[in-house]
Structures are given as C-alpha cells and as structure tokens.
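Notebook open, structure about to go up on the screen.

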Amino acid sequence: MDLLMKNIHMCHQAKHAMSQMTLDEDLNVPDAKPDVEMIIQSRGHIVLEHSRAESGKLFVDGFMEVGILYMDETKERQLYRLDAKLPFDEIIAVDALEPGENVRLRHETEDLSVSLINSRKLSIRALVRFEASVEEIYDLSAAVEIQGAPARSLSEWGGEPGARRSEGADVSGRSWRSNPARKDEAAGQPGIALCKKRESLEFLQLEVQKKDILRLKEDVQLPSNKPNIREVLWEDIQLRGCRTQLEEGRVSVRGSLFVFVLYRAEDEKESIQWMEQAVPLEGSLACDGCTAGLVPDVEASLSGADLTVKEDMDGEMRIFHLEGVLDLSICLYGSDTAEILSDVYSPEKDLELKTSDETYETLIVRNESKCRAQGKIRIQGAKPRILQICHSSGSVQIDKTEIVENGIKIEGALPVSILYISSDDSIPFAVLEGSIPFTHIAEAQGMDLGVRNGESESLRVARMAEAQGMNQKTRKEDGLSLCRYTLTPVLDQLSATMSDSEEIEIRASVGLNLFAVRTCHVCCIHEIREKDYDAERLLDVPGIVGYIVQEGDTLWDIAREYFSTPQQIMEMNGLTSENIKKGDCLILMKNIKMCPS
C-alpha cells in the first residue's frame, strides 16, 4: 500500500550525565601580607573557560576564584584579604556523546571550606557538581494516510492531542474518538476494508539553543556621610530577582545587583567602613528566532564580577566601578501538533506493518512560583556576641524533589552568612553562618512518577518499572511516559535582623522556575504489505463468542484480535462510547465475508 508520509521536526533530551569534582589546594600567604590569626569569611566562584565534546567525553577547564577575609596577629587586629585562582581540568563521561555536539552544562559549588594550617599557609577544599545534557533535534517520518488503491474505511479512531493517558478512557487509560464508518470507493470498485487508528501528537520543537553574555558596567557613588576609600577589603556582589522576557528577536533581562563593600577609609584612624546598595539591572540581547510566543527555559548567572575604585569629579576616591558578565543559557521551545496513523488492520487481508518506536517530548508546564523561608540563627560555642550586623548573603540550595499529586514537592535550604561587628574588641569582626530550611509545592498538573534530578535513563526506567510493579518491556510496549524537569531557584529578597545579641532572624523570598516536559513514545508506520490470512488462524477464531474484558484491554485490540471492528462491537453490545472496564461482558462476531479455502 502507498502511504502519505509526513516529516515532523522534534526534539528530546537524548543524553544526560552528572559528575563531581574535588578541589584540594594549599595557599601560601604572600610575603607582602601579614600573618593570619583568624579567617573571618571565604567565598568561591566557578569560572568555566572552555568545554569540548569528544566521543563519550566532555572536557571542561576553568578555575575557581577564591576570596578570603582574615584578621592579622597584630594588636590592632587589622583586616586583610587574599585572592586565589584554583585551575581545573575535568572530564565528564557522557554516554554516546559525539564530537562537536552542543552540550548544556550546569555547575554548582556544593561545599567550600578554608582552614588554617599555620599563620602562613591555608588549606582550601571545594566540592563542585557538574550536570551535562544534550538536546537532540531530529526529523520523524510517519504515515498520516493511505493512498493509492481504493479502500473501504470500516472504522477510524483518532486521539485528541495528549489523550493517550486520559483518565477513565478504558482499561489501559487511553482515550480514542470514533468516527462513523464510511465507504471510500474509486471508479465504482470497492477496495479493501480497513480499520485505521489515528493518534494526535502535541510535541515540543527546539527553536533556539544558544549561550550568550550580557556585559554589565555600573558606577556606585559612595554616600556623602561616608569617608573616602583607601583600600577595598571585601566585596560581595549578588544577583537577585533576575527575570527574562521574550520579545521579537530579543531576550530582555531584569533584576538587581546587591552590592556590599567593606573598605579601609582614608582618614586618620584608617577606620573600617562598609556600604551596601541595590543596583537595578536591565538589558537585552539579540536572539534570532526569538518570539514572544515561545516557551523559555533560560538560566542566568553572574560571573567575572570585578569591583575597582575610581575618582569622582572632585578627584576624590568615592566611586566604586563595577564590571561583570551575565552568562545566559538560552533554550526556547515551540509547540506543534500532528496527526499520524498509529495502527491499521483489515478483517479481509493480513496486513504486515513496518513500524518504529519513536520518542518525543510534550510540555507539561512552565511556571514560576514563590515561597518564603524564615528562621533564626543563634550563636554557638565561643563566638563573640553581636553588636551590629554589617551584611548578610545567601544562596538557594535544592536538596530533594518529589512528584506529588498536582505538583512537585521541593525541599531545600538557604545557606546564610552574616558578617557582624562583635562586642569583643579583640575580635572586631566575626561571621555567623547557618541554614534556613524550606518546603514548597510547585503546581504542575499532569506529572507522573517522573525523574529525579541527575538520574540516568536506565535507572529512571528501572525505578519506574519497580514502582509500578511491571518490567521494562511492558513499560515500553504500553507506551507509558516519563517526566523530566529543570528547577531553577532565584533568590529574590534576603533580610537579617537582630533578635538579641546572640540571635539573628532571617527572612527570605525565593523564586522557583519550573520547566517540565513529558517524554512519550509513539509507534510510527513506515510501510504496509497485504497478504491473505492463514486459513488455520481464521478457523481458530469462532464466528461468535462471549468475551470478558481483562486488565489492559482496549476496544481496538479486542476488535483486531477477533476480526471485527470497534464500531461493530459497539453496535452489537449497545455501547454508547468506547470506554470499557475490567469485567465487562461483550458479544463478538467475526466480520469476514470471504475466507480462503
């Protein structure tokens, strides 16, 4: 039989891998710096310089920028800073990765610790997690109609988009729309009686995938009541409330940079001063193929932020000049639909179908939700009491996600670091660290057991099969789907207030950007050959028989097995819809007019 074929442009996540890297270095204090008495605060930031895809491996190189604020051994207890770069070369194993493929790489510093070996040497240890994924774009060729020889269409079944797993459709969970039987004849000659089942697909297409940067330049004026700047001791620049918006041919970015600077003043006492200010962030970049109607999955991160001091118009050192780079990982998706033939049979001829099992992805949800985290951190051990809070900084850490009814349960924490002036003159500055837990449910209608972050396809299938009490083969044959999702946390607001001299109350607002898709399987027909039925097989099927519906049965499958049609079964049994359930009793009649002798 001649088939009318259609090429469908699709995409899905074809490859995924995770890896951990440990950095362990010793840092010698430069000769120009005084001895270290106490480490006050430390921070680390990963900068990726290059990544290269080879056969089965992703090569990544870059460095970690480490900053250390410490107090010296002198009687004055002065503050100083150390900066270091820890280079790394990492190889991430990615199954079936091919040279030159576009890999989306995410990274997260899970732990950073700086300890004192002696007054001239420090130990730096860090744990970094990498996540690599590859979106595969491909064309799917599938039959959408039978053409050529005339045929009588006994029954046509078609599925609504995304209705393969609609609730209560039948024993297996599928829902199909049945059209009345009709006769298609050419030149007055009847053709082969056919039953055709159609399936409507709603799928994602990857329209744009790129990495880009937005360069930032800002001048921050020192408040008039602050003395001039002699030396910058510490700075903390945080990206907060970052949001992206799609426009025609452009992606716009909005948010704020929360800037904190601790500096030595240009006064007689060389006093320690600080300043913090929120700087509005707004910009856009060109993006070919971008339209407002696409579905975004965009990640933004601040890298390479550099703070210097420059003179104002009066020649005084009162301006902080900030330059930085906002890294953007952009994936934009379009949604499309197509109707294909998923099965064909005839009560009169034995049809051999050449098929293939194909994978595609359909959007479940893309949304943003907000949650609040609140808690108290109390001084433990020998830390000095709090006299005044200087600065609070934090990040969002996702510890666990779980698919629940109508959404995703998210458990995480807000690691917080608070720099404060202490009541102990021998330790003028100290840091209080803690973690504020939070739990939130992000709405996502239609999620199933899903995938845990970082889980491979094979582990995912095995877990799904075990959870649903079936083997992997049954899963694939039944066409059950899996979900994958990315969850991007954004710190919107963070505040710290003193409850008393030993306790600080933390309040934070966290944005959670969810992008979830379902991975589906569909059977595509590529070729149909017809031949006469085997006589013994026809004789084995009774002309009329009673049948009790079993678990997993569909009206289509029953009709196919007993040489009937779904429409005929419905008429004989007085059914008003195709919905059947386990235990239903049906009368079946073989619908073959001509049998081979």
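Strands (E, at least two residues) are DSSP runs, numbered from the N terminus. This is a predicted model, where local features need pLDDT of at least 70, side-chain atom pairs count only at pLDDT 80 or more, and totals for chains, interfaces and linings use all residues. Residues are numbered from 1 along each chain as its sequence is written, and side-chain values use heavy atoms, with hydrogens and water left out.

**Sheet**

I looked at Leu491 and found Val510 of E21 standing opposite. E20 and strand E21 (residues 503–531) pair in the antiparallel sense, and I noted 17 bridges.

Zooming out, I get an open sheet of three strands in the order E15-E21-E20, with antiparallel pairing. Strand E15 (350–378) and strand E20 (482–500) are at the edges with a single partner strand each, so one side of each has no neighbour in the sheet. On average, neighbouring strands here are turned by 5° against each other, direction ignored (axes are lines fitted to C-alpha atoms, and angles run from 0 to 180 degrees between N-to-C directions).

**Cysteines**

How many disulfides does a search of the whole structure find? I got zero, counting a disulfide as a pair of cysteine sulfur atoms within 2.5 Å.

I checked Cys11: its closest cysteine sulfur is in Cys331, 8.9 Å away, which is too far for a bond. Cys11 is buried at 0% relative accessible area (buried means under 20%, exposed over 50%, partly exposed in between, with a 1.4 Å probe and protein chains only).

For Cys287, the closest cysteine sulfur is in Cys290 at 4.8 Å, again too far for a bond. I logged Cys287 as buried, at 0% relative accessibility.

Key. Two strands pair if DSSP finds at least two bridges between them. Helices (H or I, at least four residues) and strands (E, at least two) are DSSP runs, numbered from the N terminus.
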